[in-house]
Amino acid sequence: MSQTATSAPPSWQEDVFSSLKKRGIQQIAYVPDAGHSHTIREAQRDPAIHDVVLTTEEEGVAVVSGAWLGGQRAVLLMQSSGVGNCVNMFSLPQMCQFPFLTLVTMRGEYADFNPWQGPMGRTTQQALELMGITVLRADTPDEVRQTVEAALDSVFEAGERVAVLLGQKLIGRKKWERN
């Protein structure tokens, strides 16, 4: 499923950004990812949101934690493969009891062409749960808004640590492009 510069994003992608905006997210940290491309572009356009491009996902755990200490709400956007890079850093929000939110686009499921994505894709939820992070999941467009808003409430009203897994079917089947 490709998207041209002039085509509208899928409604679930707009639901993600509008939910973050409505709930006062002021910083978005990310490693560039096609599944999060709409949210990233909108954050870059919005002067009320500071977008932070990361070199690796674990930096994002520190950015989100630092934002909270500075009085701002932040979210970390990443692919499931990035979760493995963050396991040690997940101890920061756990031990310091910081609110923490990450939105994770899934890989390694739904006919992913890349076998290297499979192992982490199959263990993403368990890795997050082992680090004390509550996992919510949305697999259909109709589930996204409600799931993201529930996560935002849990994080910023109850002070919890939550990951929302956005199933690969939302993004569409990944295909190997050969020239």
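User: In which hand does α1 pass α7 in their crossing?

Analyst: This is a predicted model, in which local features need pLDDT of at least 70, side-chain atom pairs count only at pLDDT 80 or more, and totals for chains, interfaces and linings use all residues. Residues are numbered from 1 along each chain as its sequence is written, and side-chain values use heavy atoms, with hydrogens and water left out. A crossing is right-handed if the near helix is turned clockwise from the far one by less than a right angle, and left-handed if anticlockwise. The crossing in which α1 passes α7 is right-handed.

User: How are α1 and α7 oriented to each other?

Analyst: The axes (lines fitted to C-alpha atoms over the stretch in contact, with angles from 0 to 180 degrees between N-to-C directions) of α1, residues 11-22, and α7, residues 141-156, come within 9 Å and cross at roughly 20°. Angles under 35 degrees count as roughly parallel, over 145 as roughly antiparallel, 65 to 115 as roughly perpendicular and the rest as oblique. Helices α1 and α7 are therefore roughly parallel.

User: How are α1 and α2 oriented to each other?

Analyst: Helix α2 spans residues 37-45, and its axis comes within 8 Å of that of α1, crossing at roughly 40°. The two helices, α1 and α2, are therefore oblique.

User: Which residues of α2 make the contact with α1?

Analyst: Contact means heavy atoms within 4.5 Å. From α1 come Gln13, Glu14, Val16, Phe17 and Leu20. The residues of α2 are His38, Thr39, Glu42 and Ala43.

Conventions: Helices (H or I, at least four residues) and strands (E, at least two) are DSSP runs, numbered from the N terminus.
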